[in-house]
Amino acid sequence: MSALSRRIWGAAPLSLALLALALRASAPEAPQVAGPAEPPRPFVPPLAFLAAAHAPGVDESWEVDRASSRARLLLDDAVEAVTYQVSGSFELAADESLGGAELVLTPLDPAPARARTLRLQLAPSPTRSSPVPGLHAARPAVRLVSEEGSQPAVLELTWMRLPGPSVTVQAVTTPALELARVVRPARGRQPWERASQAVLSLSLKLAPAPDPR
């Protein structure tokens, strides 16, 4: 190999290193991500919420706020759900278990052929508490009653104490309801046709029941 070739090959590594430095210098710098000004702290609920979340240690009676409470019955063969106004009462035991409930569901629009007043009888049920203050869950057995008859059901129910004082309740039937004995079919059902299935959901607000004294 000639002396010139040896000089060119000897300078190649240095040229590559200089090229890499030039490319690095011309590339835009990656933005620096600033860390939080303060270390994260756990969320602490307001004192009013914490005070309302604790049960008083006695049995309590609550009544449904009709203006703020609704129920919806969605049938699998219907386009729209039937909406109900809800009234009735809830009993909460001193140990935070569900003492039972009696609810009346009145259809807001009685025009649909299958819209009937329904009654829900909730059996007493133990309660599962969550790490969230005031939030509880229960799975009470339910008896659904109408002019057509009655049938059992199960509710997945959660409730939370709020300032006011008040209690908010969310519930849904599971699994889907068979309504052959509760809701009249829209037309005469043939023997080979299955009964309608539906899901009943409730969103309730409870207020303390008036003192009977």
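Among contacts (heavy atoms within 4.5 Å) in the protein chain between residues at least 6 apart in sequence, 55% join residues at least 24 apart. Keep in mind that this is a predicted model, where local features need pLDDT of at least 70, side-chain atom pairs count only at pLDDT 80 or more, and totals for chains, interfaces and linings use all residues. Numbering starts from 1 along each chain as its sequence is written, and side-chain values use heavy atoms, with hydrogens and water left out.

**Overall layout**

The protein chain has two helices and twelve strands. Both element types are DSSP runs numbered from the N terminus: H or I over at least four residues for helices, E over at least two for strands. Along the sequence the pattern reads α-α-β-β-β-β-β-β-β-β-β-β-β-β. Of the 213 residues, 31% count as buried; that label means under 20% relative accessible area, with exposed over 50% and partly exposed in between (1.4 Å probe, protein chains only). The chain exposes about 13,700 Å², and carbon and sulfur atoms supply 60% of that area. Areas come from the Shrake-Rupley method with a 1.4 Å probe, and for residues only the protein chains shown count as cover.

**How the strands pair up**

Strands count as paired if DSSP finds at least two bridges between them.

| Strands | Sense | Bridges |
|---|---|---|
| β2 and β3 | antiparallel | four |
| β2 and β12 | antiparallel | six |
| β9 and β10 | antiparallel | eight |
| β10 and β12 | antiparallel | six |

Start with β2, residues 70-75. Its covered face carries A71, L73 and L75, while R70, R72 and L74 sit on the uncovered one.

T173 lies in β10 (residues 166-173) and stands opposite L155. With a relative accessible area of 7%, T173 is buried. Leaving out residues up to four places away in sequence, T173 touches V154, L155, A198, V199 and L200.

**The nonpolar core**

In soluble globular proteins, nonpolar side chains tend to be buried together. A nonpolar core here is a set of buried Ala, Val, Leu, Ile, Met, Phe, Trp, Tyr and Cys residues joined through side-chain atoms within 4.5 Å. The largest one has 32 residues, and F90, L103, L105, L120, L122, L200 and L202 touch the most other members. As for L202, its contacts beyond four places in sequence are R70, A71, L103, L105, L120, L155, V169, Q170 and A171.

**Salt bridges**

Side chains of opposite charge can pair when their charged atoms come close. The cut-off used is a side-chain nitrogen of Lys or Arg within 4 Å of a carboxyl oxygen of Asp or Glu, and the whole structure has three such salt bridges.

Which residues are linked in a network of salt bridges? E60, E96 and R161 are. The E60 and R161 side chains meet at 2.5 Å, N to O. E60 lies in β1 (residues 60-64) and R161 in β9, so this pair ties together parts that are 101 residues apart in sequence. R161 also bridges to E96, with the closest N and O atoms 2.8 Å apart. E60 and R161 are both buried, and so is E96.

The remaining salt bridge joins E156 and R139, whose closest N and O atoms are 2.4 Å apart. E156 is in β9 and R139 in the loop between β7 and β8, so the pair ties together parts that are 17 residues apart in sequence. Both ends are partly exposed: E156 has a relative accessible area of 29%, and R139 has 46%.

R128, in β6 (residues 128-129), counts E156 and R139 among its contacts, along with L135, H136, A137 and A138. R128 is partly exposed at 47% relative accessible area. The C-alpha atoms of R128 and R139 are 9.2 Å apart, with eleven residues separating them along the chain.

E147, in the loop between β8 and β9, counts as exposed at 67% relative accessibility. E147 and T117 are 30 residues apart in sequence but 7.9 Å apart in space, C-alpha to C-alpha.
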